[in-house]
Amino acid sequence: MTHAGFIPRKRLQRIIPEFRAAHEYCFFLHDQCARVLVEYETARAHHVSFRFKKQTDQAEFERLAVENPIQAMRNLGYTRQARKLVLNQVTMALVSDCLHHIYEALICIEKRKIVVAFNLLRKPLKDSLLQLSWMFGDENAFYEAFTSGNPEELSQKRLGNFRKEIFSKAIDRTYLKAVFDAEVLNEVLYDRTSEDSFEPMFQHAVHLITIDRIELRTEPENFNFIFKNYTDPDIDEGFYRWLPYLLLYLSHVIMGLFDRMRPMDKGAVDAFNVRSTNGYSLACGINAGETLEEIHKIFEPHVKCDDCDAQLKITQHNALRLLITESFRCTSCRRIRPFPFSWIF
């Protein structure tokens, strides 16, 4: 399967056909998170409302809040509300920054700007993902470190001692705890000795010359990536083997943090869980046969084309299209018909 219809075909021309569905799936995950981010911003879900215990508190707050409203809340004894506000603001800012980088990285991949793409992915995948996981899995520890006044408490140097623990706690809170593995996340993102790791790509994309680690050392008479032929398929194979997995994990952490900020509609949560899980299976070929069979049982006998009245035929293309575009292509008249998949939930 080369194209699921989520992205215009002309944008995918430079991506190897066998990876186009995986690329569209990555964009689907980004767009789902971005949509919820915008909805929460519009609804001001990250704001915190509370009543003052005393009338004098309001006047004092208005005086102190000019310089630092959060510290003013703490000084007046509203520490719980101040904590909630800090965590909400950090969540929104981190997620927004993270999604901006991922969006631009995916666009760069479409244009075969590989070095720029890995430069853009380094921050959200190595830094933001870890902080978001920490906040999701152990909110108390994150808040204590964030408000300690010492930025070293949040540094990679310190967090490197318990990254797998951070990932494990976050995974335990996700819907897909059976899919994710803290060891795998740590290896793919940080282990420079692993053949599956993104770390060499990150380092070579950022630096022209790398000499400190033998695994990352620049080849003689060369600069990192400068003479690389970006049409070579080797980069795509590693890239699309792991990026959908990483973004699937990231998206579930983000949705979990949003739900904690303000509970999401249960139907919307269920729809995202089903669409993201089965979309991963079909786009990346992970137990795709079982997924196709299940979707066939649920939909094929009950859905017809509005134009020609032909029965829906579940192909891998149509199954993925149903999940990530909420439409299907009639195998008889070839017209694309809308199908509100999320409405089911």
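Colleague: Where do K297 and E293 lie, and how many residues apart are they?

Modeller: Both K297 and E293 lie in helix α13 (residues 288–299), 4 residues apart, about one turn of the helix. Helices here are DSSP runs of H or I with at least four residues, numbered from the N terminus. This is a predicted model, in which local features need pLDDT of at least 70 and side-chain atom pairs count only at pLDDT 80 or more, while totals for chains, interfaces and linings use all residues. Residues are numbered from 1 along each chain as its sequence is written, and side-chain values use heavy atoms, with hydrogens and water left out.

Colleague: What makes K297 and E293 a salt bridge?

Modeller: The term requires a side-chain nitrogen of Lys or Arg within 4 Å of a carboxyl oxygen of Asp or Glu. For K297 and E293 the N to O distance is 3.9 Å, so the pair meets the rule.

Colleague: Why is E293 called partly exposed?

Modeller: Buried means under 20% relative accessible area, exposed over 50%, and partly exposed in between, with a 1.4 Å probe and protein chains only. E293 has 47%, so the middle class applies.

Colleague: How many salt bridges does this rule give?

Modeller: The count comes to 14. Salt bridges that share partners join R83, E139 and R260 into one network.

Colleague: Which parts of the chain does the pair D236 and R112 link?

Modeller: D236 is in helix α11 (residues 234–261) and R112 is in the loop between α4 and α5, 124 residues apart. Their side chains meet in a salt bridge at 2.8 Å, N to O.

Colleague: Are D236 and R112 buried or exposed?

Modeller: D236 has a relative accessible area of 3% and counts as buried. R112, at 11%, is buried as well.

Colleague: What about E153 and R158, are they buried or partly exposed?

Modeller: E153, at 25%, is partly exposed, and R158, at 32%, is partly exposed too. Their side chains form a salt bridge at 3.3 Å, N to O.

Colleague: Why are α4 and α5 called roughly antiparallel?

Modeller: Angles run from 0 to 180 degrees between N-to-C directions of axes fitted to C-alpha atoms over the stretch in contact. Under 35 degrees counts as roughly parallel, over 145 as roughly antiparallel, 65 to 115 as roughly perpendicular and the rest as oblique. The axes of α4 (residues 79–110) and α5 (residues 114–137) come within 8 Å and cross at roughly 155°, so the pair is roughly antiparallel.

Note on methods. Helix = DSSP H or I, 4+ residues; strand = E, 2+ residues; numbered from the N terminus.
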